[in-house]
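Dear colleague,

I am handing over the structure that you will be working with, and I would ask you to keep it open while you read the notes below it.

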Protein chains: 2
Amino acid sequence: MTALKTARRILLISTCALASTLAATPALADQLIENVDGIRIDEAGEIDRFTAILIDDGGRVKAVYDRNDKRPREVDYLLDGKGQVMLPGLIDAHLHVMQLGIAQLTLDLSDTNSLEEALDKIRRFAAENPARPWILGRGWNQEKWGLGRFPTAAELDSAVSDRPVWLSRVDGHAAWGNTLALEAAGVTAASADPAGGRIERLPGSRKPSGVFVDAAEALVQRVVPAPRPAERDLALLKAQELLHSMGITAAADMGTSMDDWHTFRRAGDGGRLTLRIMSYATDADTMEAIGGPRPTPWLYDDKLRMNGIKLYLDGALGSRGAWLKQPYADDPGNTGLPLMSPAQLRNIMVRAATGQFQVAVHAIGTAANAEALNAIADIADSFSGDRRWRIEHAQIVDPVDIPKFASAKVIASMQPVHQTSDRTMAEARLGPNRLDGAYAWKTIANTGAMLAFGSDAPVESPDPFAGLAAAFTRTDSDGQPFGGWRPQEAVSREQALAAFTANASYAGFGEGRFGKLVVGERADFVLVDQDPLLATPEQVRRTKVRETWVGGRRVYAADTE
Amino acid sequence: MTALKTARRILLISTCALASTLAATPALADQLIENVDGIRIDEAGEIDRFTAILIDDGGRVKAVYDRNDKRPREVDYLLDGKGQVMLPGLIDAHLHVMQLGIAQLTLDLSDTNSLEEALDKIRRFAAENPARPWILGRGWNQEKWGLGRFPTAAELDSAVSDRPVWLSRVDGHAAWGNTLALEAAGVTAASADPAGGRIERLPGSRKPSGVFVDAAEALVQRVVPAPRPAERDLALLKAQELLHSMGITAAADMGTSMDDWHTFRRAGDGGRLTLRIMSYATDADTMEAIGGPRPTPWLYDDKLRMNGIKLYLDGALGSRGAWLKQPYADDPGNTGLPLMSPAQLRNIMVRAATGQFQVAVHAIGTAANAEALNAIADIADSFSGDRRWRIEHAQIVDPVDIPKFASAKVIASMQPVHQTSDRTMAEARLGPNRLDGAYAWKTIANTGAMLAFGSDAPVESPDPFAGLAAAFTRTDSDGQPFGGWRPQEAVSREQALAAFTANASYAGFGEGRFGKLVVGERADFVLVDQDPLLATPEQVRRTKVRETWVGGRRVYAADTE
């Protein structure tokens, strides 16, 4: 490495020492981090490599150096990167911050392999959490358990009978309660199945068995106590910790409720907000109550902004709620349904755009994507300017509609791992001949539209390295299928990295503030053990995040083995 | 004045020049204001006189000087106070910020002397505000007009017939709508009077005349569009302007709704918040949604804090809603009513206190004050610490209960001008022999309890000099009654000034931040044309505020005549 410069305080610290000094992160002083294998997006949007970075006392990038560039004569702190790979902090363009955090606080049964194992884990969790009035959790799967039937309330009572228990199935389409939960909800043999849902019954009886499918889940869910503010605060910290541990420094929160927003603000007000959050409200009233006539300014040193609104135009492919132009191949009478009328969609888009708020439209199916693109094209005449219309997911797009992303300047906010999780299901739903516009990252990008990548966590893991590997291989965590699924839609490694950094920032009006590691931006970066532009896909998936920095301060350091 | 010191930039500016340079207020530099006739509350809580004040680059008081004290050798800005009286910024311990601001945006009919004059003013206001979907206003008084009856919808139609019009009577106990307002509300001859209210009818008919009394107002009020966020933002700026023009630099907002809070935050986020607001939420859910498990920190350089909750234990004396131990002298069957049960009151107080939130209980009548004091005494055992329980108004207290203010460390948050407005009404309601604990400022203070003074604006004018004069004279704006009403309850001028400054700050956890003009506090002060400790009561009432400063920045300067 290069010779060390004069520093008021020289810190030559290995990663393990960094971890132990996490609380003592220097701030408000120039820091030079030397000897890194740096990769960033430069001012021109191109991949640039560098070996050192200077951070000013405000936590912004002051300079970036190649090996032979002259370093400053004096700095306050000099850190040795030990040759590790440095990347811009990863940015997730679509996740659900509070749901992710709350999931961290509840029981996870996704690793259980039998009913007995699950009951044992539930029993232990309840014992370890005596103060919780309800035991909540998720992730059970009776298929994985080899049970051949749904579990019952009586079985759950055998684990916990002093408090209600309420557990979501792995896919979120069913939930399992104990007797106290059913009693709290007032569900009895006399209860009728709601539209779109089913109360499972005991064999030969009308007595509820304990499992509730789809819309029937709400019968119990409505009596589950909402998280208390203190739980929300803890959940946000857990979400931040998890995301930072995976290298994520910023995220778009897709569907911020009023309670979510207050949680973000409490963290910001208390100096505990370390994740940059680009917020999209659940509805127009929430958006306007918070932002007033316009989006909020960037708050807390570019950590939080109410950007606009998240709209749902259709449902999901798995449950056949996605709105298709042609019927489902595996359900010929069904095309799914739009969740808003054309007038509703346009009215709310106009309302948002009038206030300079950004609009992010969830659209999964071909008809939903066409309608979203057409609505944007209709409105774009009246609201030209820099609107950054977003379509979230854009999973199954009719190839004839794909050019409209570029022509209407619509950002395609997509989640690479969804493709690997959904591919066999998508084939079943659409049949083999209607997959040309499915998860069509490359085709969309080739039209000139911008791709921003995310995870949809907690629906999928927020790990961005899984997303990066999927994006350039079209293979899942096991490398399947060999050669990739519709590999012509893979993007380059460079495109994938930009979609998870600079583009995800731009998609949330963060450009110039974070996302590229250019001079003047906040110094948000990660140190990792693999070069995502050179390592094998398998290595990229197994990338270890050593440190995560936000605004020139270290917010995560890995434990050493 | 003393010789001017070396300054990088010497500003010798008369008040009129100051006004014209309002936008260019110096900031982020030391400012020495020389040649003032300064009055402040010192560290020991005593009145202290000074002649110069040094403000640091963060807008805090750096030093306070007597005539002969040595000044700093060099300052950035040197200003000449021209011998004017300087006081700590006045603090209103009880008002309604947004209601005050919204009242500034609507039509004020309180200066009209006839129906014709009012109709003319309404017509002009509507013409000047063509974009407003409803014409809203207040302040009409058919007695003052000499009308001998309520006005009618048809009369209002003659002024405005293209939009609904809805106007509150001066006392807020009736409102007057035009035909479009009645139609929007769906009120017809078939509409029944609601409990506690009366729809005025045309003579010899069931047809609504246009005026709605007490609870009947809600029939129309519920269809009046809520203010839009942009209107709320403007209303807050108007409230700030008005308060600063009267010398007020901080206020307790008694009953902050979620929309109010967002309005305060938007102003803070945008750098437009110049009034310090000590906020008390309308209800526990709002308080906890905002604060979470604890009050917010002080935000925006000590400009905003969610302190706790405002509770209503009873109504008002005028409408005989105040809860008395003995029946009303002028309504022998009536003692008023508590608005909460003992259990409700204690439960919500415990809930707030558990989260370290402050509780401010509205209590007007003797029974309400006794119950509030008893509830605090009951709970104070479990929640000792520094709770700063507040009773708002404390208007009519049974003399046997007065010592409980001191023993339970309850702050009496009172409004001197209410006494002058209410005295004849209070005599009627209570009779001559039950006035010993009425507006008993001096008696309460003599027990050792703290007095904090406010205005209850917009119920009364927020002018603190009217409040100061009332406090030490017990006379109204005309100096009536001669010698003061129950003058033994007048407080000293020094007590009155402390109650409108340091005590009002302490009552909202602002001590050490603002209220006294001691070193380390924010430099919040006013320059005025009268010395409130020496001038005649009449002069004090007519005090002209020349300049108002918040945090070392001028936020108001009077126009020169």
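Residues are numbered from 1 along each chain as its sequence is written, and chains are lettered from A and ligands numbered from 1 in the order in which they are written. This is a predicted model, in which local features need pLDDT of at least 70 and side-chain atom pairs count only at pLDDT 80 or more, while totals for chains, interfaces and linings use all residues.

In chain A, an unreviewed UniProt entry places the feature "domain: Amidohydrolase" at residues 80–556; such annotations may be inferred rather than shown by experiment. Over residues 80–556 of chain A, 34% is helix and 20% is strand, where helices (H or I, at least four residues) and strands (E, at least two) are DSSP runs, numbered from the N terminus.

Chain A also has an open sheet of 6 strands with mixed pairing, in the order E4-E3-E8-E23-E24-E25, two strands being paired if DSSP finds at least two bridges between them. Its edge strands are E4 (47–50) and E25 (553–557), each of which pairs on one side only. Within this chain, E8 (residues 85–88) and E23 (residues 525–528) pair in the antiparallel sense over 4 bridges, and A:Leu87 has A:Val526 in E23(A) as its bridge partner.

In chain B, strand E13 (residues 174–177) pairs with E15(B) in the antiparallel sense over 3 bridges, and strand E14 (residues 197–201) is joined antiparallel to E15(B) by 4 bridges. B:Phe212 in E15(B) stands opposite B:Ala175 and also opposite B:Ile199.
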